[in-house]
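Please read the following briefing alongside the sequence and the coordinates. The notes are grouped by topic.

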Amino acid sequence: NTDQEEYQMWLMNQEDDVFNNIRMQGHSHVNMGTSPSTVDTSLYERILEQLDDDMFYIFLIWNKRNEKTIKIYDLAENVLFETADWRHLLEMLKRW
């Protein structure tokens, strides 16, 4: 079980250079499906609005059944990779 308040304190205490270079957000839906909820999609939109055109961001949702939803936004190439495309993540990361 995570402590959201503790995580937020940790996140906000990061130096600007670290905070501004975080490129992944992930969490678990534990015993539920891994489709993003409206809360998830709203968070995705808020994060993506803050990124420059040459950046990328990775969103992950996993559960105990090892089901997953992966969304990799590559703004530089204007491409969205989804769960079935996850191998492209390796190629994308090689560029950075």
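A residue is called buried when its relative accessible area is under 20%, exposed when that area is over 50%, and partly exposed in between, with a 1.4 Å probe and protein chains only. This is a predicted model, in which local features need pLDDT of at least 70 and side-chain atom pairs count only at pLDDT 80 or more, while totals for chains, interfaces and linings use all residues. Residues are numbered from 1 along each chain as its sequence is written, and side-chain values use heavy atoms, with hydrogens and water left out.

**Overall architecture**

- The protein chain has 4 helices and 4 strands, where helices (H or I, at least four residues) and strands (E, at least two) are DSSP runs numbered from the N terminus.
- Read from the N terminus, the order of these elements is α-α-β-α-β-β-β-α, and the C-alpha atoms fill a box of roughly 35 × 35 × 25 Å along the principal axes.
- Of the 96 residues in the protein chain, 26% are buried.
- When contacts (heavy atoms within 4.5 Å) are counted between residues at least 6 apart in sequence, 44% of them join residues at least 24 apart.

- A pocket is defined on a 1 Å grid over the protein atoms alone as an open set of points where a 1.4 Å probe fits, with protein on both sides within 12 Å along at least five of seven lines, and its lining residues have an atom within 4 Å of a point.
- The largest pocket holds about 840 Å³ of space, a volume taken as the space filled by probe spheres set on grid points that are joined across faces, edges and corners.
- Its lining comprises 24 residues, with Tyr7, Leu11, Gln25, Ile47 and Tyr57 nearest the centre.
- Helix 1 (4–12), strand 1 (24–28) and helix 3 (38–49) each contribute at least two lining residues, and helix 1 gives the largest share, 6 residues.
- Gln25, which is placed in strand 1, counts as buried because its relative accessibility is 18%.
- Beyond its neighbours within four places in sequence, Gln25 is in contact with Leu43, Tyr44, Tyr57, Ile58, Phe59 and Leu60.

**Loop residues with positive phi**

- Most residues other than glycine have a negative phi.
- Asn66, in the loop between strand 2 (56–62) and strand 3 (68–74), has a positive phi near 65 degrees, and Asn66 counts as exposed because its relative accessibility is 51%.
- Asn78, in the loop between strand 3 and strand 4 (79–82), has a positive phi of about 55 degrees, and Asn78 counts as exposed at 70% relative accessibility.
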